[in-house]
Amino acid sequence: MKRNIIFDIGGIFLDDKNRKITEKYGINIDEQKRIMSEISFRECLLGNIRVKDYIEKFRNTEYYEFAKESLSPENYRNSLPPIQEIIDLIPKLEEYNLYLLSNNILESSKYFYGFVPEKYFQGHIFSFEEHLVKPDPEIYELLLDRYNLVAEECIFFDDKKRNTEAAEKLGIESMTVDSPGVILEYFGNKNE
C-alpha cells in the first residue's frame, strides 16, 4: 500500500454528478456540458475569473437562473452534496500522507474544507491557485516537486479517466473512481 495518497475533490468528496438542479431546470448532462463550455468554465478553474463573474456572463441568457443556482456558493449543499462515506474515512487515515490535487475554484475549496478540515492534509494543489488544470502533466509535476514526493510512492484517486491516465504517465499509480466503494475497498473498509 502506498504512503502518499492524492485525492481529487469533485466526484470523490463532493458529488459533482448530482442532478437535483439540472432536473429542476430540465437540463440533461450533455446540455449542461455544452452550456458550461459555451461560456468557458475553464477560466474559473484556471483562476482567471471568479465564479460570480462567470455567473454574470449568463445574465442575458435562458440559463442565468440555472447557472446562479448551480454555481453560487450558497447553493453548494444542493449542487455539490458531500459524499459522507469518504469524508468520514479521512480522519481514519492518519498513517498516510494525504494530499489534494483538484481542478477547483476558491468558493468550492472553502466549502470542501467545511466538511474535511485542512489539518488532515499535508498539502494541496488547486487549479485556480496555480493557473494549471488536470490533465496537464505540469500540475502533477508541481505537486510532486512542491511536496518532495516520489511518483512511485503515491496513489491518485480521481473520477475522470483522462486525469488518472495523465498521472500514470508520470509513474503515479492511479484509480478511476466511479463510486465510493472503490476508495473504501482500497483502504480495507476502515469505516466499518
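Predicted model: local features only at pLDDT ≥ 70, side-chain atom pairs only at ≥ 80, totals over all residues.
Student: How is a pair of aromatic rings described?

Tutor: Two values do it: the distance of the centres and the angle of the planes. This structure holds 19 aromatic pairs. Take Tyr-96 and Phe-187, whose centres are 5.3 Å apart with 75° between the planes. That pair is edge-to-face.

Student: Which parts does the pair of Tyr-96 and Phe-187 tie together?

Tutor: Tyr-96 sits in the loop between helix 7 (84-89) and strand 2 (97-102). Phe-187 belongs to the segment after helix 12 (180-186). The pair therefore ties together parts 91 residues apart in sequence.

Student: Are Tyr-96 and Phe-187 buried or exposed?

Tutor: Both are buried.

Student: Why is the pair of Phe-126 and Phe-128 stacked?

Tutor: Look at the angle. The planes of Phe-126 and Phe-128 meet at 20°, with ring centres 6.0 Å apart, so the pair counts as stacked. Planes under 30 degrees apart meet that label. Phe-126 and Phe-128 are buried too.

Student: Which residues do ring pairs link into a cluster?

Tutor: The cluster includes Phe-7, Phe-13, Tyr-96, Phe-121, Phe-126, Phe-128 and Phe-187. Phe-112, Tyr-113, Phe-157 and Tyr-186 are also among its members.

Student: What tends to happen to nonpolar side chains in soluble globular proteins?

Tutor: They tend to be buried together. Here the largest nonpolar core has 52 residues. Phe-7, Phe-13, Phe-121 and Phe-187 have the most contacts inside that core. Phe-121 touches Phe-7 and Phe-13, and its other contacts include Ile-90, Leu-98, Leu-100 and Val-116.

Student: Where is Glu-107 found, and which residues does Glu-107 touch?

Tutor: Glu-107 is in helix 8 (residues 106-113). Its relative accessible area is 14%, so Glu-107 is buried. Leaving aside residues up to four places away in sequence, Glu-107 touches Arg-50, Val-51, Pro-73 and Tyr-76.

Student: What shows where empty space is left?

Tutor: Rolling a probe the size of a water molecule over the atoms shows it. In this model, the largest pocket holds about 1100 Å³ of space. Its lining has 38 residues, and Asp-16, Met-36, Phe-41, Leu-45 and Lys-160 lie nearest the centre.

Student: Which element gives the most to the lining of the largest pocket?

Tutor: Helix 2, with 5 residues. Elements giving two or more include helix 1 (20-24), helix 5 (64-71) and helix 11 (161-169).

Student: How many residues of each class does the lining have?

Tutor: The lining of the largest pocket has 14 nonpolar, 13 polar and 11 charged residues.

How values were computed: Residues numbered from 1 in each chain as written. Heavy atoms only, no water. Phe/Tyr/Trp six-rings, centres within 6.5 Å; stacked < 30°, edge-to-face > 60°. Helix = DSSP H or I, 4+ residues; strand = E, 2+ residues; numbered from the N terminus. Buried < 20%, exposed > 50% of the residue type's maximum accessible area, 1.4 Å probe, protein only. Contact = heavy atoms within 4.5 Å. 1 Å grid on protein atoms, 1.4 Å probe; cavity = no way out; pocket = protein on both sides within 12 Å on 5 of 7 lines; lining within 4 Å. Points joined across faces, edges and corners; volume = space filled by probe spheres on them. Nonpolar A, V, L, I, M, F, W, Y, C, P; charged D, E, K, R; others polar. Core = buried A, V, L, I, M, F, W, Y, C linked by side-chain atoms within 4.5 Å.
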